[in-house]
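Reader: I've got the model open. Can you walk me through how to read it?

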Amino acid sequence: MTTFLFKTVFRLLALLPLSALHSLGALLGRLTYTASTQYAARTRENLRQAGIMKDEAAYRSTLSATIAEAGKGITELAWVWGRPYDEVVGKVRECVGLEHIIAAQERGKGIIFLTPHLGCFEISALYAARRVPITVLYRPPKLGFLEGMMRSGRERGQAKLAKADVSGVRLLYKARKRGEAIGLLPDQVPSQGEGEWADFFGRPAYTMTLAGRLAESSDATVLIAYSERLPHGQGYVIHVEPLALDFTAPVPPQINAALEHVIRACPEQYLWSYNRYKIPRGVQPPAASS
């Protein structure tokens with residue numbers, strides 16, 4: 001009954017305009033922030049320690065905005081997953097840096113898209129899937145009944161999903177060998193043995209090494225991509241930037257630095273509530289700085 005009710009509500013929400021869903025999302029974000037002490041504390045701590053606000057007034061303004069944007073990221077899922085594919089992709093008003101995707105296609109060596117928890121990261125892969133075949137690594141939701149909705153919403157156009165396990169990683173390598181595109185969330189905390197400690201906004205964060213391994217084992221073009229929400233549900237602007245990696249130096253710090261760069265351009269839409277600095281089970285804590 002719970003599953004049926006959830007799916008029914010989800011489908012009904014998908015009928016609403018994006019502007020209405022974003023308004024509901026902003027309210028949801030504020031309610032969640034008020035109701036959850038842990039959630040609120042993590043959001044404040046992560047944003048403040050990043051040190052990117054020029055003063056207290058800027059910090060408070062960005063905090064207020066990011067609380068609302070986090071809620072929009074939840075409610076817009078109904079629209080992104082539930083509306084027709086062409087309608088969803090049609091909400092992308094502009095792709096700044098599209099020339100980098102075109103150039104990568106012309107090279108024919110494949111593309112590695114690195115998309116952080118910034119803006120509407122769900123729509124970025126759907127937009128790319130209109131131009132190129134793309135396999136996206138994902139972590140199955142804790143609520144099993146959500147996976148079918150997730151897959152049907154994400155596997156559209158030329159997009160395919162690969163679970164974040166050994167079999168999924170094999171799919172990524174196969175896609176790379178075919179010269180196709182791969183999509184990763186580079187700021188998602190990996191499991192034991194799949195990452196290393198690297199600074200993220202001045203604080204050690206357990207960072208995936210998979211992106212670096214995939215890039216080093218191929219001549220694929222590495223691109224940072226994120227989708228910025230426009231106000232009042234007007235749509236999205238996708239931003240794409242190339243990332244040249246130096247494989248004579250550790251890769252995770254380079255990726256984190258690139259992520260910091262794009263997050264600074266749109267800090268209010270980063271998911272500061274995400275537990276980016278957690279210590280995964282079985283992982284040794286980072287060495288204390290001297």
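This is a predicted model: local features need pLDDT of at least 70, side-chain atom pairs count only at pLDDT 80 or more; totals for chains, interfaces and linings use all residues.

Reader: Which residues of helix H8 are buried?

Author: The general idea comes from helix geometry: an α-helix has 3.6 residues a turn, so residues three or four places apart point the same way. Here, H8 runs over residues 146-154, and Leu-146, Glu-147, Met-149, Met-150 and Gly-153 are buried. Looking down the axis of H8, these buried residues fall within an arc of 160 degrees, so they line one face of the helix.

Reader: Okay, now the cores. Which residues have the most contacts inside the largest nonpolar core?

Author: Leu-114, Leu-184 and Ile-263 do, in a core of 45 residues. Helix H11 (residues 251-265) gives the most to this core, 6 residues. Take Ile-263: leaving out residues up to four places away in sequence, Ile-263 touches Leu-118, Phe-200, Phe-201, Tyr-270 and Trp-272. Apart from that core lies another one of 39 residues, including Ala-78, Val-88, Ile-101 and Cys-120.

Reader: And empty space? What lines the second largest pocket?

Author: Rolling a probe the size of a water molecule over the atoms shows where empty space is left. In this model, the second largest pocket holds about 360 Å³. It has 19 lining residues, and Arg-139, Ala-164, Pro-190, Ser-191 and Glu-194 are the closest to its centre. By class, the lining of this pocket has 10 nonpolar, 3 polar and 6 charged residues.

Note on methods. Residues are numbered from 1 along each chain as its sequence is written. Side-chain values use heavy atoms; hydrogens and water are left out. On a 1 Å grid over the protein atoms alone, a cavity is a set of points where a 1.4 Å probe fits but cannot get out, and a pocket is an open set with protein on both sides within 12 Å along at least five of seven lines; lining residues have an atom within 4 Å of a point. Grid points are joined across faces, edges and corners, and a volume is the space filled by probe spheres set on the points. Ala, Val, Leu, Ile, Met, Phe, Trp, Tyr, Cys and Pro count as nonpolar, Asp, Glu, Lys and Arg as charged, and the others, Gly among them, as polar. Buried means under 20% relative accessible area, exposed over 50%, partly exposed in between (1.4 Å probe, protein chains only). Helices (H or I, at least four residues) and strands (E, at least two) are DSSP runs, numbered from the N terminus. The arc is that of the directions from the helix axis to the C-beta atoms. A nonpolar core is a set of buried Ala, Val, Leu, Ile, Met, Phe, Trp, Tyr and Cys residues joined through side-chain atoms within 4.5 Å. Contact means heavy atoms within 4.5 Å.
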